[in-house]
Each structure stands twice: as C-alpha cells, then as structure tokens.
Amino acid sequence: MKRVIIFLCLLTSFSIIAKAANKEPIRAVWLTTIGGIDWPRTYSTSISSQERQKRELTNMLDRLRLAGINTILLQTRVRGTVIYPSDYEPWDGCVSGRPGRSPGYDPLQFAITEAHKRGMELHAWVVTIPIGKWNSYGCKQLRQKMPAALKKIGDEGYMNPEAYQTADYLANICAEIASRYDVDGIHLDYIRYPETWKQRVNRMEARDNITNIVRRIYGRVKAINPQIKVSCSPIGKYTNLSRYNSNGWDALNRVHQDAQGWLRMGIMDQLYPMMYFKGNNFYPFAINWKENSYGKDIVPGLGIYFLDPREGNWKIDDIKRQLYFLRSEGMGFCLFRAKYLLDNVKGIYDFLRTEYQYLEERGVRREERSSTQLLERCEGPEFLENDGRTMVLPEKGKVLDADVIAFVSMAGNVITTRPYRGKRADIRAIPDGIYTLRSVNKKGVTHRVGMVYIRR
C-alpha cells in the first residue's frame, strides 16, 4: 500500500511539473474603459444600444483571440467609479453615458462570461489611488464618505496612502469583486504614491504604507478565493542598475513601490511592469525583473501606443525586437492598449496574428544565455528584408572593412557565413529562423550589423 501511495505522489508531482513546463505564455492586453477609449464606444441607454455595446466587446474579444491574446485586463474600477453594480462606488459614465446610472446589465459579468467562452482569462483591473477630478462624480461621493482619506493635488483627487482607511477601503472593493465574480485575477494599477506628492514621511515609511495596502488587498482576496491571481503594474524600472540608470523614474525610490519585495514577501502573484521604453532603457531592466521574479510571473508591458505617429512614431521593429526577446526568455507580454492593437497600427495586429504565432507553433528553442549576450542580441540595427531566397545586405559605409557576414542563431551559434559584397546575399540554404548578423574582417574583428527573420 505504501508503494502505491508513493507511486501516486510521484505521478502527481510529474503531472504538476509537466503542466508548469507546458504553461502557455501570458499574452495580455490592457482593455481601457475610461472615457470609452477602448470600449465601450456606444452608451447603453436602451435594449438596442445595450446589445450594440455587447457586440462591440464580443467582436473585440474575437479579434484579440485571433491575435493570440489569452488574458484580458479589463478596467473595472475607473476613477472612484466602477463598471459593475457595487455596494461601495457608483457606476462610471462610460457604460451608460451618465455617471451613477446603470447600463441595464452587468458589463463585468458579461465580459467574464464571454472571455471564458473563448478560453481567455479575465482580470479585473482596479485603479487604486487616483480618483479623478476633485469635482468629478466619483470623487465627490468619496469625499462625502471618507474625507480624511482623500487628498487634492492640483485639480485631481487621490486616496491618501498614509490614511488608515485607504487600505481597508481598497481591500473591500477588491473583496467585493472576488466574492461576486469568477474573475481570474485582480490587477492593481497605480498602487503607489503620485509623483507630485509632497513627501512628509521618509522613504521607508512611504514604502511601508503602499506595502500595507497591497498586503491587505492580497489577504482579503486570497481568503475568498486562493485561485485568484493578484497582480499589479509597477513603474517599468524597479531601481537603478549597476550599469544602467533609471534617470530618476523608478518604482522603488520615485513612487515607493517595492514590487520585487512584494514577490519576495508572497503578497503578489504576478507583475506587469510598464516597460514603455526602448534600447538600454528596456532590455537590462527586463532582465532585472526576471532575475528577481522569485518564481512568479513577470509580464512586461509594451507601449504599442508609441507606434502611433502622434505618440512616438516608433518603428514596428522596435516592438518586434522586444517581443522576440521576451519570448526567448520565456516571458509573456502585455500590450498597452487594445485599440492600438486592433487598429493594426503599423501592422502590429498582422504581425501577432501571423509571424509571432508562427514562432509559437514552431516552438522556437530557448537557450540559457548571459545578460551581456542577451543585450547584445536584442539591441542594435533593424531586421533586414528577405524573400526567403535572398536577403538585403546592410551598407558597409566608408569604415567597415568586413569581407564576410556571419549568421548567428538565437542560441549564439554561427550557422553559416556569406560573402559581404554586393547588395544581396543568397539565403536559400539557411533554415527558417531568427538570426543575428555579424560582420567579420580579416583580423577576426566583428560588428553586429542587424537581424533577419527567415520564414518561407
């Protein structure tokens, strides 16, 4: 009998290990409801407009799923207002067109049901500290209930992290969602001091104030349902690194957000750091998040809104390179925000639906690599054009004396070389995959000159 029990325990352990190894990477998107900037685009004021509002969401979910998105972070608490019938806060105006008025149905429940039908997780995104304009509907309601817990900065209202009522109140809202809805997660946004806050306590006390709120929320949610994942979206740089500076904009010191500490303390299950940066402001800090994950999920947030010419006019390859990098490291991603993805700005939707999912299906091999190798492989020139038969060669310029160009795999192995002359190189014999290109001169000196993605 003892042998049977041991055997069954081993089978269970192997099953858990296999499930973890085959876990689908998190491919998430923030779906914003404030002002209806992602959804809804139609106010629910009648049966017909209510159905139209629902169709807008189901169409979005269908398209997001086709692009490989498996996790929706739906803005549920907006600014002291919510998109579900709450005992604590009034309806946000985004659903009915008027703050405090019901849309005639429960948008949160509808979204959960429809996401689950499509095999997608839905996390309730709760904006914690900001509560909107000081004279807005939600802020006015809170001012009447708990004036000592609110603070005005300019014309904006905030919950005071230093007031004892704040932690309990936010925990009550999260517990209400967890107890009433089959959500997969509670996602905390802006769980930090406002950057314009006039500091009256020292850094350690400030961190303790925010950590106390996180601990209170985590405890309440887990007591209701231990399966609900508690996550947050910290500032994209945790703190200064030995070689890379946060330039005064980091989670730990600027806004007193000890996100890595929360993972270590066991009061946070996932992090979605807002890594809306490029180059050395992205890659080394992404590595830092991963190296301090304490076995928890790190899901970097990518600022695809910067693809918009009005926002930053990034090139699509800026985002592609980050996605390739995160995949090679076994990390998922979260895109800010849904509209930019669904509007296919600079082809981001097409890329996720075709090329990126092709890599997922092929199961591109991941190798262990040092931080230096990772940075070298993911920064630098753009992906070079190819048609599967020939590839455009980067121009040498006047100083590059290289004779050969080497194709280096994502594992760091030189696959083959080609003469570095003319405008194109023959790549017909090179297997499909992603390669770093390095020039090599007669003395063996090499330079990184680009990347190529070969897919036939």
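**Close-up views of a predicted model**

**View 1. Helix α2 and its surroundings.** The buried residues of α2 are covered by elements that include β1 (27-31), β2 (71-77), α3 (93-96), α4 (107-117) and α12 (338-342). The model shown here and in the other views is predicted. Helix α2 spans residues 47-66, which makes 20 residues. From its first C-alpha to its last, α2 reaches 29 Å, close to the 28 Å expected at 1.5 Å a residue. Its buried residues are S49, Q50, Q53, K54, E56, L57, T58, M60, L61 and L64. An α-helix has 3.6 residues a turn, so residues three or four places apart point the same way. Among the buried residues of α2 are L57, L61 and L64. After α2 comes G68, which has a positive phi, near 90°.

View 2. E114 lies in helix α4. Its relative accessibility is 9%, and because buried means under 20%, E114 counts as buried. Leaving aside residues up to four places away in sequence, E114 touches T58 and L61. T58 and L61 are both buried residues of α2, and α4 is one of the elements that cover the buried part of that helix.

**View 3. Strand β3 between its partners.** Strand β3 covers residues 121-127, and six of its seven residues are buried, so the strand is largely enclosed by the rest of the structure. With β2, strand β3 pairs in the parallel sense over six bridges. In this pairing T71 stands opposite E121 of β3. Strand β7 (residues 185-189) also runs parallel to β3, and five bridges join the two. Here V127 is found opposite D189 of β7.

**View 4. The nonpolar cores.** The largest nonpolar core contains 127 residues, and I72, I177 and I186 have the most contacts inside it. Helix α6 (residues 164-180) gives the most to this core, contributing eight residues. I177 touches T76, Y84, L108, A124, V126, V183 and I186, when residues up to four places away in sequence are not counted.

**View 5. The open sheet of β4, β6 and β5.** Three strands form an open sheet in the order β4-β6-β5, and their pairing is antiparallel. The edge strands, β4 (130-133) and β5 (150-153), each pair on one side only. From one strand to the next, the twist averages 25°. Four bridges link β5 to strand β6 (residues 156-159) in the antiparallel sense. L150 stands opposite M159 of β6.

**View 6. Strand β17 and its two neighbours.** Strand β17 (residues 433-440) is mostly covered, with seven of its eight residues buried. Strand β14 (residues 404-408) runs antiparallel to β17 and is joined to it by five bridges. In this pair A406 faces R438 of β17. Strand β18 (residues 446-454) is also antiparallel to β17, with eight bridges between them. T436 stands opposite M451 of β18. The hairpin of β17 and β18 has five residues between the strands, and in it G444 takes a positive phi near 85°.

Notes. Residues are numbered from 1 along each chain as its sequence is written. This is a predicted model: local features need pLDDT of at least 70, side-chain atom pairs count only at pLDDT 80 or more; totals for chains, interfaces and linings use all residues. Side-chain values use heavy atoms; hydrogens and water are left out. The expected span of a helix is 1.5 Å times one less than its number of residues. Buried means under 20% relative accessible area, exposed over 50%, partly exposed in between (1.4 Å probe, protein chains only). Contact means heavy atoms within 4.5 Å. Two strands pair if DSSP finds at least two bridges between them. Axes are lines fitted to C-alpha atoms, for helices over the stretch in contact, and angles run from 0 to 180 degrees between N-to-C directions. A nonpolar core is a set of buried Ala, Val, Leu, Ile, Met, Phe, Trp, Tyr and Cys residues joined through side-chain atoms within 4.5 Å.
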